[in-house]
Amino acid sequence: MTAAIIAQTRLRLGLAALAVGAFGVFGSPAHARGPEGIADVAEKVIDAVVNISTSQTVEAKGGGSNTMPQLPPGSPFEEFFDDFFKNRKGPGGGSKGGDNGAGPPRKTNSLGSGFIIDTSGVVVTNNHVIADADEINVILNDGTKIKAELVGVDKKTDLAVLKFKPSKPLVSVKFGDSDKLRLGDWVVAIGNPFSLGGTVTAGIVSAKNRDISSGPYDSYIQTDAAINRGNSGGPLFNLEGDVIGVNTLIISPSGGSIGIGFAVPSKTVAGVVDQLRQFGELRRGWLGVRIQGVTDEIAESLNIKPARGALVAGIDDKGPAKPAGIEPGDVVVKFDGKDVKDPKDLSRVVADTAVGKEVDVVIIRKGEEQTKKVTLGRLQDPEKVQAAVKTDEPPPEKLVTQKALGLDLAVLNKDLRTRYKIKDTVKGVVVTNVDASSDAAEKRLSAGDVIVEVAQEAVASGADIQKRVDQLKKDGKKSVLLLVSNGDGELRFVALSVQ
């Protein structure tokens, strides 16, 4: 009996020790609050982070003296004033006293964040923080408010550079290398959320090179560090105190942080800032091509394994790609020594390359790699994109058509050009109808599209198309690659099943 009691006592002591050990490893407060270096980073850089205050004069829309004041988004007083002014509405929704006319112009204010990169008074922030502002002020960490001037903006990356004259010595921060970030690295965000300046939050790098389709050069750092309204334009730091991103966007159904925030990586920011400081504008490289992704079907048609690169769908007649010998149907797989996995890769690397630089562009043409030398031009802004004009009106007369690939096809003539508004420069076979259950319908081919090439060979009739399709079937191909034009002559490649 005594031995059994002793054994039970030892077992309980062992379990207690195990529990203490587990808490020491997994339950330590040090691990719960993250690395010790966060406080050091915040203390080092806090004075370089600023609040950005802007004002804009707008026409009053009505309400007279009862118009609700404009508050920073997310301000603690926003809900209070909203309820207050709603309760002051008179019968019928008008304001008391019968004053329903528009009042005089008034000023609206907004707040954001920024950071000092040069002690002479140079500040980086988001373009949307200062867009359309009549007046911009920089508010330092100690509360000093100084009027700032706009140096330049880049809408495509949502970045802006400001300049102000400091009244005392400043603290600045430098850019780090965002390419060295790893998933799980700790980061620190500092900014002005909900008008609460000098707010420090911490989290980790959740993802890199995130494309959320907000612009042509998306490559965001995703973080779970708390980022809210007013954090826009503020810096994201690594634990060395270097800026590795500019906090720009959040995904949130409520307007507050749910742990999904996005920052423009410092590699992009540094290049944009340098050009804005030097030229006051962006001078991006330009290749002069229209590109699209390489799907598995397109890759199979072009004998590319694995599917990769950016497929050239069209060439600008005045662009640098044309004299270099790049053609529609080429797939760009490397640009200036950098691999191109998809169209976004090519867009970013071309934009980041200096205007006038001669670069090697590696393409795949008919299954073989070739290298073309291209001297980059300058991308003009704004880019002009014209939408295709199509019509779903039924044909006024019966046409001689041929069916192939789920399409009704007809030879282009004057009547068809007029009906579908197809330019005279567009050559090929026009689509007059699409079978709703066909692969062509899934790939969004529609009446008025013009098939220019089939398997990289020009076609002039439905019979030409059927002949090419029959040959591909005999060769054991699973899909056929079409070069399709809209009425304006804009080209794209579409792969359709031949089974």
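Helices here are DSSP runs of H or I with at least four residues, strands are E runs of at least two, and both are numbered from the N terminus.

This is a predicted model, in which local features need pLDDT of at least 70 and side-chain atom pairs count only at pLDDT 80 or more, while totals for chains, interfaces and linings use all residues. Residues are numbered from 1 along each chain as its sequence is written, and side-chain values use heavy atoms, with hydrogens and water left out.

Helix 11 covers residues 462–474, 13 residues in total, and spans 19 Å from first to last C-alpha, close to the expected 18 Å (1.5 Å times one less than its number of residues).

Its buried residues (under 20% relative accessible area, 1.4 Å probe, protein chains only; exposed is over 50%, partly exposed in between) are Gly 462, Ile 465, Arg 468, Val 469 and Leu 472. Viewed down the axis of helix 11, they fall within an arc of 125 degrees, so they line one face of the helix; the arc is taken from the directions from the helix axis to the C-beta atoms. On the face turned away from that buried side sit the exposed residues Lys 467 and Lys 474.

## What lies over the buried side

The cover over the buried residues of helix 11 includes strand 23 (429–434), strand 24 (450–454) and strand 26 (479–485).

## The whole chain

The protein chain has eleven helices and 27 strands. Of its 499 residues, 43% count as buried.

Note on methods
Contact = heavy atoms within 4.5 Å.
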